[in-house]
Amino acid sequence: MGWGHQEQVTQPISCFQTGNLEAAALLEPRREGRAEGSYVILLSDPWTHTGPQASDAHSSPSPNSSMTTGELQEYWRKEKRCWRRVKLLFEVASARIEERKVSKFVMYQIVVIQTGSFDSNKAVLERRYSDFEMLQKNLLKTFREEMEDIVFPKKHLMGNFTAEMISERKLAFKEYLSLLYAIRCVRRSREFIDFLTRPELREAFGCLRGGQYGRALDILVRVVPLQEKLTAHCPVMVVPALCAMLVCHRDLERPAEALAAGERALQCLQAREGHRYYAPLLEAMIRLAYGLGKDFVSLQEKLQECQLRKPSPWGFTLKELTVREYLY
């Protein structure tokens, strides 16, 4: 559909979305078995999709279709969800001074939320000035040109613990993270993602190695939603953490929760049979599904196909793989 044709459809729809039904050129009242006062919106052509639902013939109106106002509202709600890109907002909500035997520093609390809808999984994490400083140093190695206009908060020899300086730093770090996130190559970089997730993941996997499965799960439940938001461009990056959740749930004798975590991990792998987690994950899920009386045959078939195409010489179990993650 050409741009001119698209504007022909957009004009009445825009009027509808703002509530100005009378101004919509294609609106007219109909009585065909509908309630009194119901409106029918006539669309001369289907809306052209270029998003993820473009192949779904039932997700957009057909030529010369008619929809009531309620139906069109619901349709546009679905459209907005389809087209809305995940966007994160950063807030440095608070700060506290921490004193140890040989050091004293300020710990900044960062809150990360997703825009566009209510975010029940907002992330809360803590970082100190040296963590931000290391992030800046690592990013400059690769993205110096892209970051030439970003100013990093300067270090001071004195006055770092005054209320005024801490307040100034909170605002500066909020702006700093927002500016970094605005640069596509930076927000997708390993350095940026690691800054926001790696300390928590290291702690969680350390607990897993130590058999503290409940503690590991508490941390993973908080950090995995943030990791998923940051790695929407590459979902496979979340697989180790999801597999760790499976192992923890399984060893805590929660097979249903373990299988659910495995299904999420398998979806992230997107049938990447050559991935090191693919076969061990299927093996673990087969045992879980069998124990729960659920379909395990389809999982067995996937595993057999994988082993025929690319036999694995290693034979690690899923737990043996996960305990090797985030050692450093």
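Helices (H or I, at least four residues) and strands (E, at least two) are DSSP runs, numbered from the N terminus. This is a predicted model, in which local features need pLDDT of at least 70 and side-chain atom pairs count only at pLDDT 80 or more, whereas totals for chains, interfaces and linings use all residues. Residues are numbered from 1 along each chain as its sequence is written, and side-chain values use heavy atoms, with hydrogens and water left out.

**View 1. Confidence along the chain.** The pLDDT, which is the predictor's confidence in each residue on a scale from 0 to 100, has a mean of 81 over the chain, and 75% of the residues reach 70 or more. Over residues 1–64 the pLDDT stays under 50, and for this stretch the model has 90 contacts (heavy atoms within 4.5 Å) beyond four places in sequence.

**View 2. The loop between H8 and H9.** Glutamate 253 is found in this loop, and its phi is near 60°, which is a positive value in a residue other than glycine. Most residues other than glycine have a negative phi.

**View 3. Helix H8 and its surroundings.** Because 11 of its 13 residues are buried, H8 is largely enclosed by the rest of the structure. The buried residues of H8, including Val239, Pro240, Leu246 and His249, pack against H6, H7, H9, H10 and H12.

**View 4. The largest nonpolar core.** A nonpolar core is a set of buried Ala, Val, Leu, Ile, Met, Phe, Trp, Tyr and Cys residues joined through side-chain atoms within 4.5 Å. The largest one has 46 residues, of which Leu208, Leu220, Val224, Leu246, Leu281 and Leu318 touch the most other members. At least two residues of this core come from each of several helices, among them H6 (190–209), H7 (213–230) and H10 (278–291). Apart from it lies another core, of 33 residues, among them Phe90, Tyr129, Leu230 and Met237.

View 5. The 15 residues of H3 (residues 129–143) should span 21 Å at 1.5 Å a residue, and its end C-alpha atoms are 20 Å apart, which agrees. The buried residues of H3 are Tyr129, Phe132, Leu135, Gln136, Leu139, Leu140 and Phe143. They cover an arc of only 130° around the axis, taken from the directions from the helix axis to the C-beta atoms, which puts them on the same side of H3. The face turned away from this buried side carries the exposed residues Lys137 and Lys141, while what covers the buried residues includes strand S5 (104–114), strand S6 (123–128) and H6.

**View 6. Glutamine 227 and tyrosine 326.** Glutamine 227 lies in helix H7 and is buried, with a relative accessible area of 3%. Not counting residues up to four places away in sequence, glutamine 227 touches Thr197, Leu201, Met237, Val238, Ala241 and Tyr326. Tyrosine 326 lies in the segment after H12, and has a positive phi of about 50° although it is not a glycine. At 10% relative accessibility, tyrosine 326 counts as buried.

Conventions. Buried < 20%, exposed > 50% of the residue type's maximum accessible area, 1.4 Å probe, protein only. Expected span 1.5 Å × (residues − 1).
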